[in-house]
Amino acid sequence: MASLAIIFGIVVGIPLIWYALTYNGLVAKRNQCRNAFSSIDVNLAKRHDLIPNIVAAVKGYMAHERETLERLTALRSEARSLPPDSPARFAAEGGIADGLAHITMRAEAYPDLKASENFLHLQRLLAEVEEQISAARRAFNAAVMDLNNSIEMFPSSLVANSMNLKRQEPFEALASSRTNVTVQL
Amino acid sequence: MPSLSADDVIFELSTELKSLEDQRAAAARRQSRTLWTLGILTVLIAGIGLVAIRHAGPVLLFGGVLWLIVAGAIYHFAAGTHVSAYKDGFKTQIVGKIARLMHPEMHYSPGYGISAAEFAYPNLFDRRADRYRCEDGFRGMVGKTSVKFSEVRAQYKTTSTDSKGRRRTSYHTFFDGIFMIADFHKHFRGQLRVLPDTAEKFLGFLGKKQGFRPFSGDDLVYLEDAAFEKEFVVYGTDQVEARYILSTAMLARILDLRQKWGEEVRLGFLDSSVFIAISYRGNLIESRPPPPRRRLRPDPTLHRKNWRFASPSWTTSASTRGSGPKNSAAAERCRRPPSRGAG
């Protein structure tokens, strides 16, 4: 009788423990992906917050770039109004990144602007935020790779299927839609 | 930042080197003469002792020990003080000036260094130092970055009991090399440790599994640089922050540092500071008086070997700023034993 209980324990108990551990591991990995994505979102919001200050700092100097600045402001409003993971949002964010890069590049042609303490401070803040966005993106991609490995590899794929987990796309794939929208600068 | 070549530095030091070379030659002559005299005296005394007191073992042993003490004292007063004065002169006149020439705001103190508490603070080793020694400390500014480093030797203690119940204590070195603390030019809240990846080297892909790294409570951070991942394992409190600190450029610099030194390198990031431990067998800053007939000449290999810390390529690899560790108000005099909690 005792041996029967042991055999039953091995046959039922071990798979059950394995299932629970794998299930929890997959949940943790999925949450890590969500957490990493929210970090991207937080840092993109930080960049949004910088845009009005940057526009205010440069518009007095860059009269010829008025169209760029207006478009940047419009893209900021658009990005803030869209759902965080929508392709249109990534397109708008791509436009913002390009616009800010353009302004920074064009600032070289304006010596007074380059000498402005306020603009230099904003440039430093922007560089800092861009670094944080890059870090969050790399963390998201690492979390996605980890989750995708678990979803696709046997035997954890069995549990992932039962949880209806789907393969996630890395950040570059999510953001690739921005190439479809040309931001005229 | 000044970019003096090793030849420029030697030119700037020519006056000190000339004066020190005379001192070195005199100290070396004294050392040689004293050792020869003591050697001859030892042979004579041993010979006389063996012939005169043939069967008195304990007397011979006592006499031998007494002679060793007397010989030590003679050496100390006849030559030892001169050799020590030369060595101290080498450090204060030459090494100190080299530091100032390479970086005007860099100060060198032979007897000071990274304290035991500062060494233990980033938790780069899974052992506590029971015996700690440091010397040859440098501190100052390199550009806008506050930097301090010194030679450090840290040992842990083991105690064993033999079959007769006698306890024996041994000390084992777990770090011998250079320990550096620099301000880091990024602000972050958590902590990050970059350690040699011994598990992956020995166990291959199995070593990548979390289960094979049981000693760390922090998260394992996988980075996308395969060459870096092969050499190092990274633990951090925050995945995003880890990548903020370890930018792709930073990964390349750490790998470069590892390849340049060819030794074990460990890094810790916390309190907006970077802590770097580079294992190095041997004493980097020490001078021994060679035989008196040989004149010193600049050694081209010495430039490449001992100038590495001052080279611009090194200073760019520690792209850092901010405040130091909480307990680093001043480098403590580190020849004293560390507190128990420090190691």
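**Notebook: strands, helices and a chain contact**

Helices (H or I, at least four residues) and strands (E, at least two) are DSSP runs, numbered from the N terminus.

Before going on, I wrote down that this is a predicted model, in which local features need pLDDT of at least 70, side-chain atom pairs count only at pLDDT 80 or more, and totals for chains, interfaces and linings use all residues. Residues are numbered from 1 along each chain as its sequence is written, while chains are lettered from A and ligands numbered from 1 in the order in which they are written.

**The hairpin and its neighbours**

I looked up V147(B) and found it opposite A182(B) in β4(B). Five residues lie between the strands of the β3(B)-β4(B) hairpin, and G165(B) takes a positive phi near 85° there.

I then followed β4(B) to strand β9 (residues 273-279) of chain B; the two run antiparallel and are joined by seven bridges. Here G177(B) stands opposite S279(B) in β9(B).

**The whole sheet**

In what order do the nine strands of the open sheet in chain B stand? I read the order as β1-β2-β3-β4-β9-β8-β5-β7-β6, with antiparallel pairing. The edge strands are β1 (106-109) and β6 (219-221) of chain B, each of which pairs on one side only. On average, neighbouring strands of the sheet are turned by 20° against each other, direction ignored. In general, strands of a sheet pair through backbone hydrogen bonds, either parallel or antiparallel.

H107(B) has R139(B) in β2(B) as its bridge partner.

I also checked helix α8 (residues 248-261) of chain B, which lies across β5 (192-196), β8 (265-270) and β9 of chain B and runs at about 150° to β8(B). Axes are lines fitted to C-alpha atoms, for helices over the stretch in contact, and angles run from 0 to 180 degrees between N-to-C directions.

**Two helices of chain A**

I turned to α1(A) and helix α2 (residues 66-81) of chain A, whose axes come within 10 Å and cross at roughly 160°. That makes α1(A) roughly antiparallel to α2(A) (angles over 145 degrees count as such).

Which residues meet here, from α1(A) and from α2(A)? From α1(A) I listed H48(A), I51(A) and V55(A); from α2(A), L69(A), L72(A), T73(A), R76(A), A79(A) and R80(A).

**Where chain A touches chain B**

I found nine residues of chain A in contact with seven residues of chain B (in contact: C-beta atoms, placed from the backbone, within 7 Å). In chain A, α1 (2-58) and α5 (117-152) each supply at least two residues of the touching side. α5(A) gives the most, with seven residues.

**Confidence**

I ended with pLDDT, the predictor's confidence in each residue, from 0 to 100. Chain B averages 77, and 76% of the residues score at least 70. pLDDT stays under 50 over residues 210-215 of chain B, where the model has nine contacts beyond four places in sequence. Residues 335-343 of chain B also stay under 50, with 15 such contacts. Where pLDDT is low, the predicted coordinates should not be read in detail. The model scores ipTM 0.74 and pTM 0.72.

Conventions:
Two residues are in contact if their C-beta atoms, placed from the backbone, lie within 7 Å. Two strands pair if DSSP finds at least two bridges between them. Angles under 35 degrees count as roughly parallel, over 145 as roughly antiparallel, 65 to 115 as roughly perpendicular and the rest as oblique.
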